[in-house]
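Trainee: Could we go through this model together? I would like to begin with the sheet.

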Amino acid sequence: MHGTVDRPCKDVRGLRSSVLAASVICGVVYLAFLNYRKRVFLRVFDSDSKTLPGGFSISPAEPTSFTQRSDISLVSNACVVVEQARYLKNAGGAHVGHWVAVLTQLMPHFEAVARRSSNNAEGSSTTMHLFFTDQHRDAWQLQTIGSILRNHPYYQITVNAVMHVFNIDVILRTTVLDTLSRGNRKCRQSIDAGRFPADETWTPGLHRFVLGVFESLGCSNNANVADVLIFNRKGTREITNTRDVADYLEHRNYSVLIQTADLLTPAQQVCLIGKPFRYIVTPHGGQMASLMFKNERTNVVEVMPRSGVLECYRYITRDYALWFALQVVSLWRCAGFCIDDARRNTSFDAILRPNDGGAELEREIRSEVLTIDFIGMKSLKNLLELRA
(Lines give C-alpha, C1' and ligand atoms only; values in the text may rest on other atoms or scores of the structure.)
Protein backbone atom coordinates (compact mmCIF):
# COMPACT_ATOMS: atom_id res chain seq x y z
CA MET A 1 0.00 0.00 0.00
CA HIS A 2 2.75 2.39 0.92
CA GLY A 3 4.55 1.48 -2.23
CA THR A 4 1.70 2.52 -4.41
CA VAL A 5 1.38 5.84 -2.58
CA ASP A 6 5.11 6.50 -2.44
CA ARG A 7 5.68 6.12 -6.18
CA PRO A 8 3.63 9.18 -7.21
CA CYS A 9 5.23 11.16 -4.38
CA LYS A 10 8.65 10.32 -5.76
CA ASP A 11 7.43 11.29 -9.23
CA VAL A 12 6.21 14.62 -7.92
CA ARG A 13 9.51 15.27 -6.18
CA GLY A 14 11.32 14.33 -9.38
CA LEU A 15 9.07 16.62 -11.37
CA ARG A 16 9.72 19.47 -8.95
CA SER A 17 13.46 18.93 -9.30
CA SER A 18 13.18 18.95 -13.09
CA VAL A 19 11.13 22.13 -13.06
CA LEU A 20 13.64 23.78 -10.72
CA ALA A 21 16.54 22.74 -12.93
CA ALA A 22 14.76 23.95 -16.03
CA SER A 23 14.02 27.29 -14.35
CA VAL A 24 17.66 27.71 -13.42
CA ILE A 25 18.76 26.91 -16.97
CA CYS A 26 16.20 29.31 -18.44
CA GLY A 27 17.36 32.00 -16.03
CA VAL A 28 20.97 31.54 -17.05
CA VAL A 29 20.05 31.59 -20.75
CA TYR A 30 17.95 34.73 -20.26
CA LEU A 31 20.73 36.53 -18.43
CA ALA A 32 23.21 35.48 -21.13
CA PHE A 33 20.84 36.79 -23.78
CA LEU A 34 20.49 40.12 -21.99
CA ASN A 35 24.26 40.41 -21.74
CA TYR A 36 24.66 39.53 -25.43
CA ARG A 37 21.93 41.99 -26.39
CA LYS A 38 23.61 44.69 -24.34
CA ARG A 39 26.97 44.05 -25.96
CA VAL A 40 25.46 44.06 -29.46
CA PHE A 41 23.57 47.28 -28.83
CA LEU A 42 26.69 48.87 -27.43
CA ARG A 43 28.36 47.94 -30.66
CA VAL A 44 25.53 49.25 -32.82
CA PHE A 45 25.04 52.42 -30.80
CA ASP A 46 28.77 52.76 -30.30
CA SER A 47 28.64 56.54 -30.10
CA ASP A 48 26.12 56.39 -27.24
CA SER A 49 27.89 53.72 -25.27
CA LYS A 50 30.60 56.09 -24.12
CA THR A 51 31.48 59.74 -24.01
CA LEU A 52 33.51 60.42 -27.12
CA PRO A 53 36.80 62.30 -27.06
CA GLY A 54 36.10 65.98 -26.60
CA GLY A 55 32.68 65.34 -25.07
CA PHE A 56 30.79 64.91 -28.34
CA SER A 57 27.05 64.67 -28.47
CA ILE A 58 24.67 64.90 -31.37
CA SER A 59 22.05 67.56 -31.94
CA PRO A 60 19.51 66.22 -34.46
CA ALA A 61 19.58 69.23 -36.75
CA GLU A 62 17.54 69.71 -39.88
CA PRO A 63 19.27 68.09 -42.88
CA THR A 64 21.03 70.61 -45.07
CA SER A 65 22.28 70.09 -48.59
CA PHE A 66 25.47 71.94 -47.79
CA THR A 67 27.02 73.74 -44.83
CA GLN A 68 28.01 77.21 -46.00
CA ARG A 69 31.69 78.09 -45.90
CA SER A 70 30.99 80.94 -43.48
CA ASP A 71 29.70 78.38 -40.98
CA ILE A 72 32.67 76.06 -41.23
CA SER A 73 34.79 78.23 -38.97
CA LEU A 74 32.28 77.62 -36.17
CA VAL A 75 33.06 73.91 -36.01
CA SER A 76 34.32 73.30 -32.48
CA ASN A 77 34.90 69.57 -32.89
CA ALA A 78 35.81 67.27 -35.76
CA CYS A 79 32.32 65.86 -35.84
CA VAL A 80 29.79 65.77 -38.71
CA VAL A 81 26.35 64.15 -39.00
CA VAL A 82 25.60 62.57 -42.40
CA GLU A 83 21.82 62.46 -42.84
CA GLN A 84 19.88 60.13 -45.17
CA ALA A 85 22.53 57.40 -45.08
CA ARG A 86 20.20 55.04 -46.97
CA TYR A 87 21.37 56.66 -50.21
CA LEU A 88 24.84 55.19 -49.64
CA LYS A 89 23.56 51.68 -50.34
CA ASN A 90 21.98 50.34 -53.51
CA ALA A 91 21.17 46.90 -54.91
CA GLY A 92 24.80 46.37 -55.89
CA GLY A 93 26.27 47.36 -52.52
CA ALA A 94 27.80 50.76 -51.78
CA HIS A 95 26.50 53.65 -53.90
CA VAL A 96 29.77 55.28 -54.89
CA GLY A 97 28.05 58.26 -56.50
CA HIS A 98 26.42 59.32 -53.25
CA TRP A 99 29.64 58.72 -51.32
CA VAL A 100 31.32 61.23 -53.65
CA ALA A 101 28.45 63.63 -52.90
CA VAL A 102 29.25 63.20 -49.21
CA LEU A 103 32.95 63.75 -49.88
CA THR A 104 32.35 66.99 -51.73
CA GLN A 105 30.24 68.32 -48.85
CA LEU A 106 32.92 67.25 -46.37
CA MET A 107 35.75 68.97 -48.22
CA PRO A 108 35.36 72.35 -46.41
CA HIS A 109 35.22 70.47 -43.08
CA PHE A 110 38.48 68.68 -43.90
CA GLU A 111 40.12 72.02 -44.68
CA ALA A 112 38.83 73.64 -41.49
CA VAL A 113 39.93 70.77 -39.26
CA ALA A 114 43.35 70.68 -40.96
CA ARG A 115 43.84 74.40 -40.36
CA ARG A 116 42.78 74.10 -36.74
CA SER A 117 45.10 71.14 -36.22
CA SER A 118 48.13 72.74 -37.84
CA ASN A 119 49.59 73.43 -34.39
CA ASN A 120 49.50 69.76 -33.43
CA ALA A 121 52.75 67.97 -32.77
CA GLU A 122 54.46 66.81 -35.93
CA GLY A 123 53.19 63.42 -37.04
CA SER A 124 50.02 63.50 -34.95
CA SER A 125 46.64 63.29 -36.66
CA THR A 126 43.17 64.57 -35.88
CA THR A 127 40.19 62.25 -35.64
CA MET A 128 37.00 63.20 -37.45
CA HIS A 129 33.84 61.33 -36.48
CA LEU A 130 31.22 60.87 -39.21
CA PHE A 131 27.87 59.87 -37.73
CA PHE A 132 25.77 58.18 -40.42
CA THR A 133 22.08 58.22 -39.62
CA ASP A 134 18.68 58.03 -41.27
CA GLN A 135 15.24 58.46 -39.80
CA HIS A 136 13.93 55.81 -42.23
CA ARG A 137 16.38 53.11 -41.14
CA ASP A 138 16.79 51.25 -37.85
CA ALA A 139 20.05 50.52 -36.05
CA TRP A 140 20.63 47.17 -37.76
CA GLN A 141 20.06 48.60 -41.23
CA LEU A 142 22.42 51.47 -40.49
CA GLN A 143 25.04 49.03 -39.27
CA THR A 144 24.72 47.14 -42.58
CA ILE A 145 25.16 50.36 -44.56
CA GLY A 146 28.23 51.24 -42.51
CA SER A 147 29.75 47.79 -42.95
CA ILE A 148 29.22 47.82 -46.73
CA LEU A 149 30.74 51.27 -47.06
CA ARG A 150 33.74 50.61 -44.79
CA ASN A 151 34.67 47.53 -46.82
CA HIS A 152 34.32 49.17 -50.23
CA PRO A 153 37.66 49.91 -51.93
CA TYR A 154 36.46 53.32 -53.10
CA TYR A 155 35.72 54.38 -49.53
CA GLN A 156 39.10 53.09 -48.38
CA ILE A 157 40.92 54.94 -51.18
CA THR A 158 39.29 58.24 -50.30
CA VAL A 159 39.67 58.06 -46.51
CA ASN A 160 43.32 57.07 -46.96
CA ALA A 161 43.74 60.17 -49.11
CA VAL A 162 42.14 62.32 -46.41
CA MET A 163 44.77 61.04 -43.98
CA HIS A 164 47.53 61.57 -46.55
CA VAL A 165 46.49 65.13 -47.47
CA PHE A 166 44.79 66.58 -44.40
CA ASN A 167 46.26 64.34 -41.67
CA ILE A 168 42.72 63.45 -40.58
CA ASP A 169 41.71 59.99 -39.43
CA VAL A 170 38.08 59.50 -40.53
CA ILE A 171 35.98 57.31 -38.20
CA LEU A 172 32.64 56.19 -39.61
CA ARG A 173 29.91 55.58 -37.04
CA THR A 174 26.36 54.42 -37.67
CA THR A 175 23.72 55.39 -35.16
CA VAL A 176 20.18 56.54 -34.46
CA LEU A 177 20.19 60.25 -33.65
CA ASP A 178 17.66 59.99 -30.83
CA THR A 179 19.97 57.72 -28.84
CA LEU A 180 22.85 60.19 -28.72
CA SER A 181 22.72 62.43 -25.70
CA ARG A 182 26.00 62.13 -23.83
CA GLY A 183 28.68 64.77 -23.61
CA ASN A 184 28.56 68.48 -23.06
CA ARG A 185 29.19 69.76 -26.57
CA LYS A 186 27.00 69.29 -29.60
CA CYS A 187 27.81 68.08 -33.10
CA ARG A 188 25.73 70.56 -35.05
CA GLN A 189 27.32 70.22 -38.48
CA SER A 190 24.99 68.29 -40.76
CA ILE A 191 25.23 67.26 -44.42
CA ASP A 192 22.89 65.23 -46.61
CA ALA A 193 23.93 62.04 -48.44
CA GLY A 194 20.81 62.30 -50.60
CA ARG A 195 21.74 65.60 -52.22
CA PHE A 196 24.44 66.92 -54.47
CA PRO A 197 26.15 70.33 -54.12
CA ALA A 198 24.56 73.14 -56.12
CA ASP A 199 27.60 75.43 -56.01
CA GLU A 200 31.40 75.29 -56.04
CA THR A 201 32.16 76.18 -52.42
CA TRP A 202 33.58 72.69 -51.95
CA THR A 203 36.20 72.91 -54.72
CA PRO A 204 39.11 74.87 -53.12
CA GLY A 205 40.44 71.76 -51.39
CA LEU A 206 39.73 69.44 -54.32
CA HIS A 207 43.03 69.89 -56.17
CA ARG A 208 45.10 69.01 -53.11
CA PHE A 209 42.82 66.05 -52.34
CA VAL A 210 43.00 64.66 -55.88
CA LEU A 211 46.79 64.92 -55.95
CA GLY A 212 46.87 63.11 -52.62
CA VAL A 213 44.79 60.27 -54.06
CA PHE A 214 47.10 59.95 -57.07
CA GLU A 215 50.18 59.91 -54.81
CA SER A 216 48.74 57.35 -52.41
CA LEU A 217 47.74 55.07 -55.31
CA GLY A 218 51.01 55.56 -57.21
CA CYS A 219 49.21 56.64 -60.41
CA SER A 220 51.42 57.15 -63.45
CA ASN A 221 51.74 60.74 -64.66
CA ASN A 222 52.15 59.69 -68.29
CA ALA A 223 50.50 62.40 -70.40
CA ASN A 224 50.70 60.44 -73.67
CA VAL A 225 47.05 59.41 -73.90
CA ALA A 226 44.29 59.14 -76.50
CA ASP A 227 42.15 62.07 -77.59
CA VAL A 228 38.97 60.36 -76.42
CA LEU A 229 38.27 57.92 -73.60
CA ILE A 230 35.02 55.98 -73.99
CA PHE A 231 34.35 55.00 -70.38
CA ASN A 232 31.61 52.41 -70.64
CA ARG A 233 29.68 50.28 -68.12
CA LYS A 234 28.09 46.82 -68.11
CA GLY A 235 24.37 46.14 -67.93
CA THR A 236 21.87 48.96 -67.83
CA ARG A 237 22.76 52.07 -69.86
CA GLU A 238 25.69 50.29 -71.49
CA ILE A 239 26.78 51.79 -74.81
CA THR A 240 26.41 48.84 -77.17
CA ASN A 241 28.40 50.12 -80.16
CA THR A 242 31.58 51.57 -78.68
CA ARG A 243 33.68 49.91 -81.38
CA ASP A 244 31.66 51.60 -84.14
CA VAL A 245 32.13 54.98 -82.46
CA ALA A 246 35.87 54.39 -82.06
CA ASP A 247 36.24 53.31 -85.71
CA TYR A 248 34.36 56.37 -86.93
CA LEU A 249 36.59 58.76 -84.96
CA GLU A 250 39.85 56.90 -85.68
CA HIS A 251 39.16 57.05 -89.43
CA ARG A 252 39.15 60.81 -88.95
CA ASN A 253 42.55 60.74 -87.20
CA TYR A 254 41.38 60.94 -83.59
CA SER A 255 42.78 58.36 -81.18
CA VAL A 256 40.29 56.53 -78.97
CA LEU A 257 40.64 54.32 -75.89
CA ILE A 258 37.72 52.11 -74.82
CA GLN A 259 37.53 51.00 -71.19
CA THR A 260 34.74 49.40 -69.14
CA ALA A 261 34.46 50.48 -65.51
CA ASP A 262 33.22 47.08 -64.32
CA LEU A 263 36.45 45.45 -65.51
CA LEU A 264 38.68 47.85 -63.56
CA THR A 265 39.37 48.15 -59.85
CA PRO A 266 38.39 51.46 -58.22
CA ALA A 267 42.08 52.36 -58.04
CA GLN A 268 42.53 51.68 -61.75
CA GLN A 269 39.44 53.76 -62.54
CA VAL A 270 40.75 56.73 -60.56
CA CYS A 271 44.20 56.60 -62.17
CA LEU A 272 42.68 56.24 -65.65
CA ILE A 273 40.22 59.11 -65.28
CA GLY A 274 43.01 61.39 -64.02
CA LYS A 275 44.87 61.25 -67.35
CA PRO A 276 44.61 64.29 -69.67
CA PHE A 277 42.15 63.02 -72.28
CA ARG A 278 40.55 65.74 -74.38
CA TYR A 279 37.14 64.15 -73.94
CA ILE A 280 35.61 61.43 -71.81
CA VAL A 281 32.46 59.92 -73.34
CA THR A 282 30.48 57.97 -70.76
CA PRO A 283 26.89 56.82 -70.19
CA HIS A 284 24.94 58.12 -67.24
CA GLY A 285 25.70 55.92 -64.24
CA GLY A 286 27.59 55.34 -61.03
CA GLN A 287 30.95 54.99 -62.81
CA MET A 288 30.77 58.76 -63.32
CA ALA A 289 31.66 59.22 -59.65
CA SER A 290 35.29 58.78 -60.72
CA LEU A 291 35.01 62.02 -62.70
CA MET A 292 35.80 63.72 -59.42
CA PHE A 293 39.41 62.79 -60.25
CA LYS A 294 39.42 63.79 -63.92
CA ASN A 295 42.00 66.15 -65.33
CA GLU A 296 40.78 69.73 -64.91
CA ARG A 297 41.02 70.35 -68.67
CA THR A 298 39.22 67.20 -69.78
CA ASN A 299 35.73 67.77 -71.20
CA VAL A 300 32.87 65.35 -70.61
CA VAL A 301 30.15 64.02 -72.89
CA GLU A 302 27.43 62.29 -70.88
CA VAL A 303 25.36 59.87 -72.99
CA MET A 304 21.71 59.91 -71.92
CA PRO A 305 18.95 57.31 -72.40
CA ARG A 306 16.69 58.08 -75.36
CA SER A 307 13.59 58.22 -73.12
CA GLY A 308 14.70 60.88 -70.67
CA VAL A 309 17.51 62.98 -69.22
CA LEU A 310 19.05 61.57 -66.05
CA GLU A 311 21.43 63.67 -64.02
CA CYS A 312 23.36 63.94 -60.79
CA TYR A 313 27.10 64.32 -61.53
CA ARG A 314 27.23 67.63 -63.41
CA TYR A 315 28.44 69.47 -60.29
CA ILE A 316 31.75 67.57 -60.37
CA THR A 317 33.13 69.66 -63.24
CA ARG A 318 33.92 73.33 -62.76
CA ASP A 319 32.90 76.01 -65.22
CA TYR A 320 36.09 76.17 -67.28
CA ALA A 321 35.83 72.45 -68.20
CA LEU A 322 33.01 71.78 -70.66
CA TRP A 323 30.22 69.29 -70.11
CA PHE A 324 27.89 68.07 -72.86
CA ALA A 325 24.81 65.88 -72.98
CA LEU A 326 24.28 63.51 -75.92
CA GLN A 327 20.84 61.99 -76.42
CA VAL A 328 20.19 60.12 -79.69
CA VAL A 329 20.59 62.94 -82.27
CA SER A 330 20.71 65.83 -79.79
CA LEU A 331 23.92 67.19 -78.30
CA TRP A 332 24.00 70.31 -76.16
CA ARG A 333 26.38 72.06 -73.80
CA CYS A 334 25.35 72.04 -70.16
CA ALA A 335 26.20 75.47 -68.76
CA GLY A 336 24.55 74.39 -65.53
CA PHE A 337 22.60 71.21 -65.01
CA CYS A 338 21.86 69.57 -68.37
CA ILE A 339 18.15 69.12 -67.76
CA ASP A 340 17.74 72.82 -66.88
CA ASP A 341 19.47 73.88 -70.09
CA ALA A 342 17.29 71.46 -72.10
CA ARG A 343 14.13 72.92 -70.58
CA ARG A 344 15.22 76.47 -71.32
CA ASN A 345 16.23 75.77 -74.92
CA THR A 346 13.71 73.64 -76.82
CA SER A 347 15.90 73.75 -79.94
CA PHE A 348 18.00 71.01 -78.34
CA ASP A 349 15.06 68.67 -79.01
CA ALA A 350 15.91 66.78 -75.85
CA ILE A 351 13.47 64.14 -74.62
CA LEU A 352 12.76 64.93 -70.99
CA ARG A 353 11.30 62.57 -68.45
CA PRO A 354 7.75 63.73 -67.60
CA ASN A 355 7.50 65.36 -64.19
CA ASP A 356 4.63 63.04 -63.32
CA GLY A 357 6.31 59.94 -64.70
CA GLY A 358 6.88 58.46 -61.28
CA ALA A 359 9.36 55.86 -60.06
CA GLU A 360 8.27 53.15 -62.49
CA LEU A 361 9.02 55.27 -65.55
CA GLU A 362 12.37 56.28 -64.09
CA ARG A 363 13.25 52.60 -63.59
CA GLU A 364 12.38 51.93 -67.22
CA ILE A 365 14.59 54.78 -68.38
CA ARG A 366 17.45 53.61 -66.18
CA SER A 367 17.17 50.07 -67.56
CA GLU A 368 17.74 51.09 -71.19
CA VAL A 369 20.84 50.20 -73.17
CA LEU A 370 22.35 53.00 -75.24
CA THR A 371 23.46 53.31 -78.85
CA ILE A 372 25.27 56.28 -80.38
CA ASP A 373 23.95 56.55 -83.93
CA PHE A 374 25.63 58.14 -86.93
CA ILE A 375 24.41 61.65 -86.15
CA GLY A 376 25.70 61.28 -82.60
CA MET A 377 29.10 60.16 -83.90
CA LYS A 378 29.20 63.13 -86.25
CA SER A 379 28.39 65.45 -83.34
CA LEU A 380 31.32 64.02 -81.38
CA LYS A 381 33.61 64.54 -84.36
CA ASN A 382 32.43 68.14 -84.67
CA LEU A 383 33.22 68.72 -80.99
CA LEU A 384 36.76 67.46 -81.49
CA GLU A 385 37.22 69.74 -84.48
CA LEU A 386 35.90 72.77 -82.62
CA ARG A 387 38.17 72.14 -79.62
CA ALA A 388 41.26 71.27 -81.67
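Mentor: Two strands pair if DSSP finds at least two bridges between them. Helices (H or I, at least four residues) and strands (E, at least two) are DSSP runs, numbered from the N terminus. The model is predicted, so local features need pLDDT of at least 70 and side-chain atom pairs count only at pLDDT 80 or more, while totals for chains, interfaces and linings use all residues. Residues are numbered from 1 along each chain as its sequence is written, and side-chain values use heavy atoms, with hydrogens and water left out.

Trainee: How many bridges join strand 13 to strand 14?

Mentor: Four bridges join them, and the two strands run antiparallel. Phe324 stands opposite Arg333 in strand 14. The hairpin of these strands has two residues between them, and Val328 takes a positive phi near 55° there.

Trainee: And in what sense do strand 12 and strand 13 pair?

Mentor: Strand 12 (residues 299–303) pairs with strand 13 in the parallel sense, over four bridges. Phe324 is the bridge partner of Val301.

Trainee: Is strand 13 buried or exposed?

Mentor: Five of the five residues of strand 13 (323–327) are buried, where buried means under 20% relative accessible area, exposed over 50% and partly exposed in between (1.4 Å probe, protein chains only). Trp323, Ala325 and Gln327 point one way, and Phe324 and Leu326 the other way. In a regular strand the side chains alternate between the two faces of the sheet.

Trainee: What is the order of the strands in the open sheet?

Mentor: The six strands follow the order 10-9-11-12-13-14, with mixed pairing. Strand 10 (256–260) and strand 14 (330–333) are at the edges with a single partner strand each, so one side of each has no neighbour in the sheet. From one strand to the next the twist averages 20°.

Trainee: Which helix packs on the sheet, touching strand 9?

Mentor: Helix 8 (residues 266–273) does, and it also touches strand 10 and strand 11; contact means heavy atoms within 4.5 Å. Its direction makes about 155° with that of strand 9, with axes as lines fitted to C-alpha atoms, for helices over the stretch in contact, and angles from 0 to 180 degrees between N-to-C directions. Six of the eight residues of helix 8 are buried, so the helix is largely enclosed by the rest of the structure. Helix 5 and helix 6 are among the elements that cover these buried residues.

Trainee: Changing topic, what is the volume of the largest pocket?

Mentor: The largest pocket has about 1,100 Å³. On a 1 Å grid over the protein atoms alone, a pocket is an open set with protein on both sides within 12 Å along at least five of seven lines, a cavity is a set of points where a 1.4 Å probe fits but cannot get out, and lining residues have an atom within 4 Å of a point. Of the 43 lining residues, Asn90, His95, Gly285, Gly286 and Tyr313 are the closest to the centre of the largest pocket. Helix 3 (96–116) gives the most to this lining, with three residues.

Trainee: Which helix supplies the largest share of the lining of the second largest pocket?

Mentor: Helix 6 does, with six residues. The second largest pocket has a volume of about 400 Å³.

Trainee: How many cavities of 30 Å³ or more are there?

Mentor: The count is four, and the largest cavity holds about 80 Å³ of space. Its lining includes Leu326, Gln327 and Val328.

Technical notes. Points joined across faces, edges and corners; volume = space filled by probe spheres on them.
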